[in-house]
Amino acid sequence: MFELSEEKEKLTMHLRRLYFFGLSCPGWLMPRLVAEETGRDGCLHFLVRADVPGVGLVARYQGYLTM
């Protein structure tokens, strides 16, 4: 389950709950996923990061879409 928030023209999505085969993932094991979207210069800019406890950064994506 994700939680959306908006501040200063930026939309942010945080992973708040994760299930494996119907079982809730404990907080200490849950990956930290954050996706951000901003609109500027006629484009939508994206930044997505995924961190796993004990491992660190496992994925990062940054890009944009023109409108």
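Reply: What follows goes through the sheet strand by strand, and then through the side chains on it.

The model is a predicted one. Its open sheet has five strands, placed in the order S1-S2-S5-S6-S7, and the pairing is antiparallel. S1 and S7 are the edge strands, each with pairing on one side only. From one strand to the next, the twist averages 15°. In general terms, the strands of a sheet pair through backbone hydrogen bonds, in either the parallel or the antiparallel sense.

S5 (residues 32-40) pairs with S6 (residues 43-52) in the antiparallel sense, over nine bridges. Arg32 has its bridge partner in S6, namely Asp51. S5 and S6 make a hairpin with two residues between them, and Asp41 in the turn has a positive phi of about 55°. S6 continues to S7 (residues 56-66), again in the antiparallel sense, with 10 bridges. Three residues lie between the strands of this second hairpin, where Gly54 takes a positive phi near 85°.

Leu44 gives a local view of the S6 side of the sheet. This residue lies in S6 and stands opposite Leu65 in S7. With a relative accessible area of 23%, Leu44 is partly exposed. Leaving out residues up to four places away in sequence, Leu44 touches Glu37, Thr38, Gly39, Gly63, Tyr64, Leu65 and Met67. Glu7, by comparison, is 37 residues from Leu44 in sequence, and the C-alpha to C-alpha separation is 15 Å.

Turning to charged side chains, the whole structure holds two salt bridges. One of them joins the side chains of Glu3 and Arg16, at 3.2 Å from N to O. Glu3 belongs to S1, whereas Arg16 is in the loop between S2 and strand S3 (19-20), so this pair ties together parts that are 13 residues apart in sequence. Both ends are partly exposed: Glu3 has a relative accessible area of 40%, and Arg16 has a relative accessibility of 44%.

Lys10 lies in S2 and Glu36 in S5, so the contact ties together parts that are 26 residues apart in sequence. Lys10 counts as partly exposed, because its relative accessibility of 24% falls between the limits of 20% for buried and 50% for exposed.

Phe2, Leu4, Leu11 and Met13 make a nonpolar surface patch of about 360 Å². Leu11 is placed in S2 and, at 35% relative accessibility, counts as partly exposed. As a general rule, side chains in a regular strand alternate between the two faces of the sheet.

Notes
Residues are numbered from 1 along each chain as its sequence is written. This is a predicted model: local features need pLDDT of at least 70, side-chain atom pairs count only at pLDDT 80 or more; totals for chains, interfaces and linings use all residues. Side-chain values use heavy atoms; hydrogens and water are left out. Patches are made of residues with over 30% relative accessible area and no salt bridge: like charges are joined within 9 Å, nonpolar side chains (Val, Leu, Ile, Met, Phe, Trp, Tyr) within 5 Å. Accessible areas come from the Shrake-Rupley method with a 1.4 Å probe; for residues, only the protein chains shown count as cover. A salt bridge is a side-chain nitrogen of Lys or Arg within 4 Å of a carboxyl oxygen of Asp or Glu. Helices (H or I, at least four residues) and strands (E, at least two) are DSSP runs, numbered from the N terminus. Buried means under 20% relative accessible area, exposed over 50%, partly exposed in between (1.4 Å probe, protein chains only). Two strands pair if DSSP finds at least two bridges between them. Axes are lines fitted to C-alpha atoms, for helices over the stretch in contact, and angles run from 0 to 180 degrees between N-to-C directions. Contact means heavy atoms within 4.5 Å.
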